[in-house]
Amino acid sequence: MGDNQSDHDPDAPLQLFLGNITKWGPRVKAHIAATPDVDVWLLLEMHLAGAPLNAARRQVGMLGYRTFASPAVPTGNLVLDTNVSNCGGELLAVRKGITSSSAGLGKHAGWRAVNVRLFGCNVVIIALYLVPGLGAEAVAENQSRLAALVHFIKALAVPWLILGDWNATPCEVAQLTATRWISGVVVVPSGPFTCRAPAGSESRVLDFAVCCGKLYDKLNLAVDWDVPWAPHCGVRISLHD
């Protein structure tokens, strides 16, 4: 598909919303419809592939967005919950009227990238989901996802921004070899945590940004708990010139 022409105010910040929604459903769709100020949605853990994913994309498209998605992958040994048949699934939705196009070679397990025309230049925005756990399968899968993402980012000649559920803390992500290879800067939202753990466990910040140095002082992140999903909050991101 080709680019769509932009009518976004070139002087206005771009408003983004990151959410690990746990599962796509009518309440998530209604929340998108009721939040008209968002320019770009980054939805993680859609748990959809094939026809159901295409149906969800059509529903979001009818709300005025152009969508880019990566399907959920078979669970296999990645997670311990045997009631879940697939894992992840990412959807990027960019408001129609903002110039956008697919970035990279297409769909990758665990992440999806889109190129957005903003402030007179291109910016690549990436939705990322890393699987939880420290088991061998989970660690290998996340290493594979990050290796592909590093390869992609190092070939870019434009600013880039990763927004995701890292299933790791900001300190842990800052110490990753992948983060150092891309000279990434961690940007954390306001609030003590972004994922509320059950009683007896520790709530943690898992949902945040890693960006190139050029965007570090152009981002503002804030938690938003007024969302129809759990245990993660939403994260509102403002990207300004």
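These legends describe close-up views of a predicted model. Local features need pLDDT of at least 70, side-chain atom pairs count only at pLDDT 80 or more, and totals for chains, interfaces and linings use all residues. Residues are numbered from 1 along each chain as its sequence is written, and side-chain values use heavy atoms, with hydrogens and water left out.

**View 1. Helix α1 and its buried face.**
Helix α1 spans residues 26-33. Helices (H or I, at least four residues) and strands (E, at least two) are DSSP runs, numbered from the N terminus. Val-28, His-31 and Ile-32 of α1 are buried. Here buried means under 20% relative accessible area, exposed over 50%, and partly exposed in between (1.4 Å probe, protein chains only). Viewed down the axis of α1, the buried residues fall within an arc of 100 degrees, so they line one face of the helix. That arc is taken from the directions from the helix axis to the C-beta atoms. Pro-26 and Arg-27, on the other side of α1, are exposed. The cover over the buried residues includes β1 (14-20), β2 (40-44), α2 (50-61) and β3 (65-70).

**View 2. The largest nonpolar core.**
A nonpolar core is a set of buried Ala, Val, Leu, Ile, Met, Phe, Trp, Tyr and Cys residues joined through side-chain atoms within 4.5 Å. The largest one holds 51 residues. Leu-16, Leu-42, Ile-125, Ile-126, Phe-152, Ile-162 and Trp-166 touch the most other members. Strand β9 (residues 121-129) gives the largest share, 6 residues. A second, separate core has 19 residues, among them Val-60, Tyr-65, Ala-93 and Val-227.

**View 3. The surroundings of Leu-16.**
Contact means heavy atoms within 4.5 Å. Residues up to four places away in sequence are not counted. Leu-16 then touches Val-38, Val-40, Leu-42, Ile-125 and Leu-163, and also Val-235, Arg-236, Ile-237 and Leu-239.

A pair of aromatic rings is described by the distance of the centres and the angle of the planes. Rings of Phe, Tyr and Trp (its six-membered ring) pair if their centres lie within 6.5 Å; planes under 30 degrees apart count as stacked, over 60 as edge-to-face and the rest as tilted. The count by this rule is 5 aromatic pairs. Phe-17 and Trp-229 are edge-to-face, with 6.3 Å centre to centre and 90 degrees between the planes. This pair links distant parts of the chain, 212 residues apart. Phe-17 is in strand β1, and Trp-229 is in the loop between β13 (219-224) and β14 (234-239). Both residues are buried. Phe-17, Trp-41 and Trp-229 form one aromatic cluster.

**View 4. Trp-225, between a ring and a charge in the list of partners.**
Phe-193 and Trp-225 form an edge-to-face pair, 5.6 Å centre to centre and 65 degrees between the planes. Phe-193 lies in the loop between β11 (185-187) and β12 (207-211) and Trp-225 in the loop between β13 and β14, so the pair ties together parts that are 32 residues apart in sequence. Trp-225 is partly exposed, at 32% relative accessible area. The charged end of Arg-196 sits over the ring of Trp-225, 4.2 Å from its centre. The rule for such a charge is NZ of Lys or CZ of Arg within 6 Å of the ring centre and within 35 degrees of the ring normal.

A cis peptide bond runs from Ala-230 to Pro-231, with omega near 10 degrees. Pro-231 is in the loop between β13 and β14. Thr-22 is not a glycine, yet has a positive phi of about 70 degrees. Its place is the loop between β1 and α1, and Thr-22 is partly exposed at 33% relative accessibility. Ser-183, also not a glycine, has a positive phi of about 50 degrees. Ser-183 is in the loop between α5 (177-181) and β11 and is exposed, at 55%.

A disulfide is a pair of cysteine sulfur atoms within 2.5 Å. The structure holds 0 of them. For Cys-171, the nearest cysteine sulfur is that of Cys-211, 16 Å away. Cys-171 is exposed, with a relative accessible area of 56%. The sulfur of Cys-195 is 8.5 Å from that of Cys-233, its closest, which is too far for a bond. Cys-195 is buried, at 13% relative accessibility.
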